[in-house]
Every structure is written in structure tokens, then in C-alpha cells.
Amino acid sequence: MEESDAEPRPREAEVENPQVQVTRSFDARGAAAIAPRLRASWQRSERYGVPEDEVVPVFSGAVDTGSLLYECGTEVLRGLQTTLANEPISLMITDSEGLVLSRLCTDASINRSLDRVHLAPGFYFAESNAGTNGLGLALADRAPSLVRASEHYCTDLRGYTCAAVPVLDPLTGALAGSVNLTTWSEQSSGLLLALAQAAAGNTAALMLARASGRIARPTPRGEVFRVYADRVDPGDVPRLSPAWTTAVAEAHTAFGAGRVVAVVGEPGAGKTALAALARRELRPRERLLNARPPAPDDVDTWLTLWTPELAKDGTCVIVSGVEALPAWAAEELARRFAEVRGGGPAPFVLTSVDAGSVPAALRPLVDLVVELPGLRFRPDDVLPLAHHFARRDRGRDVTFTSAASRALTAFDWPENAKQLRRVVREAASRSDVIDTAHLPAEVFSGVGHRLSRLQAMERDEIVRCLSEPGATVVHAAEKLGMGRATLYRKMAQYGLNARQLKS
């Protein structure tokens, strides 16, 4: 990386107290609304031990150029780059950990300058590596972020203005990465963040279009609802496998000892139900609330809605999916949780996809992690849960034929108990005796990849024909208008087993 005396260099601000300088810059602009996020980011940067005078390089040595995010994000940025000809703006895609995947810029001077501060493909630029910066803040708070000049924690970065917007996976809602636009601080434009937002939105839309036509995940609404007693009545819970009962017992014992518990496991595995059951066994009359994080823009209102409940006697809040919380919200929760800790059972429980995904601010509060395996690792729980869900939805016992039972237990349930509940609800609404004909085609498909809409329709039609009374592969092929060899090939493609479809 060669340096040139002729090229512009980042302007370093000489500041005795950076925190004071940042606060004054907010007041001068009248933008006090964004000050708390930046102050919190500076404080995190200090806790991380990030140097104030230089960016220490953290190089990965490899960049995943085969991901859907890289493919779609780079394509979108190339289109945007054509409209920004001769502008000293660097356009970047990063992954969810702050690893720079691609950088597009035609301005040689800013490219060389960014190389000097290691804002280049293959280098990490999260808050923990580079301190407060646009893409690091966008990833930490899962919200659009604009960091100008002296707002950067590291003096090496104060010659730039960075606008970054997180990109969420349109199918799962998980944080996929970010779009980051960087330019010189003296040439920053008010449109920079708007351009980044448009690029991030177009990237997510393109990811959805290329993800086999699947339906986008709805925006989280941040529900806060009562977990009623009849939903977790110990007498109403079916007898499940040791994997479930052991996890419940661990949580129950920890609650009784006043310990803070985080229940971790795959989405839909039943983490909230486990926490509620363990609390109900300890305190049968306790009032249980479940709080699910909303979209980042609504987090402040969401916190205001339910956190006062923590101070009420006989109340426990199960905060689900804490991995989706912005960094500032996790820190605010940690502060409020610390205020309500007493001698008895903690008035809150956390759930997350895994222990490593619990926000750093909340990890010190957790005394015990209870892991709940996914439903595919608990096949003995499938039929008891199916009967339980059917009885709750139908209001009476429902029977499953042997063929339907085999199909249910053989399926992997990628969405876990949540998916089983949906399948059983639909089947039980059609009959008191559930057979294979009442189950959706997805239960009989063993494919490990996403299907397009046309493929899903074809699979469903094959399942319908094969599951008709007395149907054979020959009859199904004739009805479908295809040869037997073609049908067998399609069945293998979709992971369909003809025997499994028969009563």
C-alpha cells in the first residue's frame, strides 16, 4: 500500500476529551436525538480496548464471494456506482461480523487512503476492531447509521464520513451484513445515508428474488403478551422425552436458587414454553409476560411498554430472541435488569438461538444456560406434541393413522415445534382421524434445499396423486401426464417415498 504526498489525508481532530468533543458536535448540529447511540458506541469502544489513535488491522485472509449477500450486494453497488461517476465515494458490502466483502470505488486517492486504515476487503471493521464507525454502529444497533468526522472513535477515521445500513435476510430476518458508503468528511452529503438505505433495500429485495421465490419474513412487531396459566398448566403438558424434562428440571432448579437463566435453541423449538413451564412449576400463580423484540426503529417504544412490569411483585418477563436486540437496547436492558435483581427468583428470563448470540451487555447477568435441542433430535416428542396440539385446537382428542404417524416422526421439522403446531392445526381442522391425505406435502419431502414456487406446486401435485386411495406410481404417472421414469426421478428429486404416502 503506497502513500502519496499529493493525495488528501484524513484530518485528525486533536481532542483532549473525545466524549466532550462528540457531545459538543451534537449540540452544534441540533441532532441530540442521535447522541445516545454514539455515546453508547464510544463507551463500548473504550471497553473493547480499541486504540484511539490508530486502526489495528484484523485480517481474515478469506472472503466468502459465493454468498447470496455478496452476489446481490455487489451487483446493486455496481449499478449505484455508475450513477456516482467521478465522485470520491467508496461503496462496500460487509458480513454480519463487520468483515468487508467487497469495495467499489474509482477514486484512486480515497482507495489508497482507505487501504492505510485497513477499510478494505478481508479486514474486519466492527466496533470491537475499529471503534465507533458507520458500519460497526449499523451492525451493532441493526439500524441505519451516519458517523461524521470527529464522531469516529479512532482519530485515523476522522477524515471520513460513513453511512451504513444493515441488510436483513429477507427469509429469516437474521442480520446478513451491511451496505457502507464512505467519503471524505469535507465532501459529505446529506444524501449519503439515503443512498445507503436504497442500496440496502435493493440488496434485500434482490436476495429475496433469487431465493427461489420464497415469501419474505414479516417485519417483527415486538409483541408483548400474557402467558396465561392454562397455556403452561403442568397437568396439561404431555409426557415428553428426557431431553425436554431434563432441560425443564435444570431451569426449575436454577430459578429456585435465584439464578438468571438463558434458554437457548433453534427458532420454534419451544424455548418460551420451557421457561414458562419451569416458572409455573416454581410459582403457580406468577404472572408471566413474553416480550419479543420488534423492528429496530420500534425498540424504544417496546422497552417503555413492558419494562415497568419488572418492578411488580409476582411478575416474570420472558424476553425472547435477545440476539435481535440492538446493542444500545441490550445495554439498557442490562441496566434495568440489574436494578430489579433481588434475593428471590429473578423477574426475567432470556431466550436466544445460542449462548454466543446473547448480546455482550447481557451475558454477565446470565448464571446458567439451558439448551433445548431441536425437534429432529427429539423424535419421541413428535407424536405426543401432535396429539397435544390437536386436542388444544380441536377441543377433543384426535386420532392419527399409522401412516400419518410414520410420516410425522420421519420428518426433520426444520422449523421445529412451531411448524408441527401449524401442520397439526391445519390437519385437525379437516378431520378427527388424521391420515396422510390431511398432511401437507412438505411433510413427505426430504429435500435439503429451497424449492421455487413452480417446484413446490409440482411436488404438491405429485403427493396428492400418490396419496389417493388405491393409487400406484403407474396410475399417478398417467394422471400427471408423465412417464414412470420421469415420475420416479421427480420423487427422488423431492425426497418422496411412495410407501410413506399410503395408509
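Tutor: Contact here means heavy atoms within 4.5 Å. The model is predicted.

Student: Which residues in H7 do the residues of H3 meet?

Tutor: On the H3 side, the residues are Leu68, Leu69, Cys72, Gly73, Glu75, Val76, Leu77 and Leu80. Their partners in H7 are Leu195, Ala199, Asn202, Thr203, Leu206 and Met207.

Student: How many nonpolar residues does the contact of H3 with H7 have?

Tutor: Sorted by class, the contact of H3 with H7 has 1 charged residue and 3 polar ones. The nonpolar residues there number 10.

Student: Which word describes H3 relative to H7?

Tutor: Two packed helices are described by the angle between their axes and the distance between the axes. Helix H3 spans residues 68–82 and helix H7 spans residues 192–209, and their axes are 9 Å apart at an angle of about 135°. Angles over 145 degrees count as roughly antiparallel and 65 to 115 as roughly perpendicular. The angle of about 135° therefore makes H3 oblique to H7.

Student: Is the crossing of H3 and H7 left-handed or right-handed?

Tutor: The handedness describes how H3 and H7 cross. For this pair, the crossing is right-handed.

Student: Is Trp184 buried or exposed?

Tutor: Trp184 lies in strand E5, residues 175–184. Its relative accessible area is 3%, and buried means under 20%. Trp184 is therefore buried.

Student: How far apart in space are Trp184 and Ile110, C-alpha to C-alpha?

Tutor: In sequence, Trp184 and Ile110 are 74 residues apart. In space, their C-alpha to C-alpha distance is 7.8 Å.

Student: What share of the residues in the chain is buried?

Tutor: The chain has 17 helices and 13 strands. Of its 503 residues, the buried share is 50%.

Notes. Residues numbered from 1 in each chain as written. Predicted model: local features only at pLDDT ≥ 70, side-chain atom pairs only at ≥ 80, totals over all residues. Heavy atoms only, no water. Axes fitted to C-alpha atoms, helices over the stretch in contact; angles between N-to-C directions. Helix = DSSP H or I, 4+ residues; strand = E, 2+ residues; numbered from the N terminus. Parallel < 35°, antiparallel > 145°, perpendicular 65-115°, else oblique. Left-handed = near helix turned anticlockwise from the far one by under 90°. Nonpolar A, V, L, I, M, F, W, Y, C, P; charged D, E, K, R; others polar. Buried < 20%, exposed > 50% of the residue type's maximum accessible area, 1.4 Å probe, protein only.
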